[in-house]
Amino acid sequence: MTDIDFDRYDRIRPIRWTGDALELLDQRRLPFQVEYVRCGDSDAVAAAIHALTVRGAPAIGIAAAWGAVLAAREVEAADGVAALAALEPALQRLNAARPTAVNLAWALARMRGALAGAGADWRARLEREAQAIAEEDLAANRRMGALGAALIAPGSGVLTHCNTGSLATAGFGTALGVIRAGVAQGRIDRVYAGETRPWLQGARLTVWELEQDGIAPTLIADAAASHLMKSGQVQWVVVGADRICANGDTANKIGTYQLAIAARHHGLKFMVAAPSSTVDMATPSGDAIEIEERDPGELFGVGGVRTAAENVGAWNPVFDVTPHELIDAIVTERGVIERPDAAAMRAAFPG
Ligand code: MRU
């Protein structure tokens, strides 16, 4: 396997810890403005997660972990147990910022765990834990990139959805990490990115990210996906995840489910790439996942220009659930789960 040149394929960092504040690359403004916003307290982090200033399942977990570090600055406590009680309201506000991606609750659970047994050094422990969460995510993505790319035959085309790259993670990306690795190894010749209406994570973020790497993606309207599949230009659909249930059902950006249905119809393979922090063995199936619904106003226009007729009502669920039967492979940093179901998930994630 060709080594991946991470200097070329992994240069964007959406989250920066300065030592006394969290800086977030403002994803509402990309690709036209590349600017970081500063969060000086945990409520500013919660608001940034809710507003999609920072987005993507692993990234919101990492941001929330740093939010907990900021919350710790406003609390006096002699040890970890006392700190946990004092921090709990701030942790709950962070957790409530978005409901679907389990990485948020997972990261906050790790931060709570770091306080258990801590003495007067509890603040330092929290900071070390947030750093570890970010570093482990980057390492997981690089590992997934290699594992996922190995499934893709040389000369393939891939279609991806939403943004699952460096912008959505500590770096390198999940599905986009697989695509980066696949391009670097000469396995992937063609990359198609769906626009991802209404927030345009594909058109605004994925395309911009790949261009930083010198990879030229082809943008398609979401509605062009089935037609593209029929053309024979793509062999794999590669997407990320916000929550993978105990039976393999997977929540991801709205529109993923219809891509999986169309992929199966056309005989294409469908891959989900996500770190183990996205696996939620406590949720038995996709029916139990809370699907976030956002402001219907997101559907009324593009870039602030109204495109919908006046006085229309709208429904704006921003995630959907792909049933495990439609998934050929789930790739985590622990390995590849082919044809996932409850038994395969239990074997990969015992206990
Ligand atoms: O609403 P978003 O932009 O946070 O949704 C992001 C996605 O659905 C991603 O596909 C998912 O979080 C995986 S990111 C590595």
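Tutor: Two residues are in contact if their C-beta atoms, placed from the backbone, lie within 7 Å. This is a predicted model, in which local features need pLDDT of at least 70, side-chain atom pairs count only at pLDDT 80 or more, and totals for chains, interfaces and linings use all residues. Residues are numbered from 1 along each chain as its sequence is written.

Student: Which residues of α3 meet α6?

Tutor: From α3, Pro58, Gly61, Ile62, Ala65, Trp66, Ala68, Val69 and Ala72 meet Arg123, Leu126, Glu127, Glu129, Ala130, Ile133, Ala134 and Asp137 of α6. Helices here are DSSP runs (H or I, at least four residues), numbered from the N terminus, as are strands (E, at least two).

Student: At what angle do the axes of α3 and α6 cross?

Tutor: Two packed helices are described by the angle between their axes and the distance between the axes. Axes are lines fitted to C-alpha atoms, for helices over the stretch in contact, and angles run from 0 to 180 degrees between N-to-C directions. The axes of α3 and helix α6 (residues 122-149) come within 9 Å and cross at roughly 170°. The pair is therefore roughly antiparallel, the word for angles over 145 degrees.

Student: How are α6 and α7 oriented to each other?

Tutor: Helix α7 (residues 175-184) packs against α6 at an angle of about 60°, with the axes 7 Å apart. The two are therefore oblique, the class left after under 35 (roughly parallel), over 145 and 65 to 115 degrees (roughly perpendicular). Residues of α6 including Met144 and Ala149 meet residues of α7, among them Val178 and Ala181.
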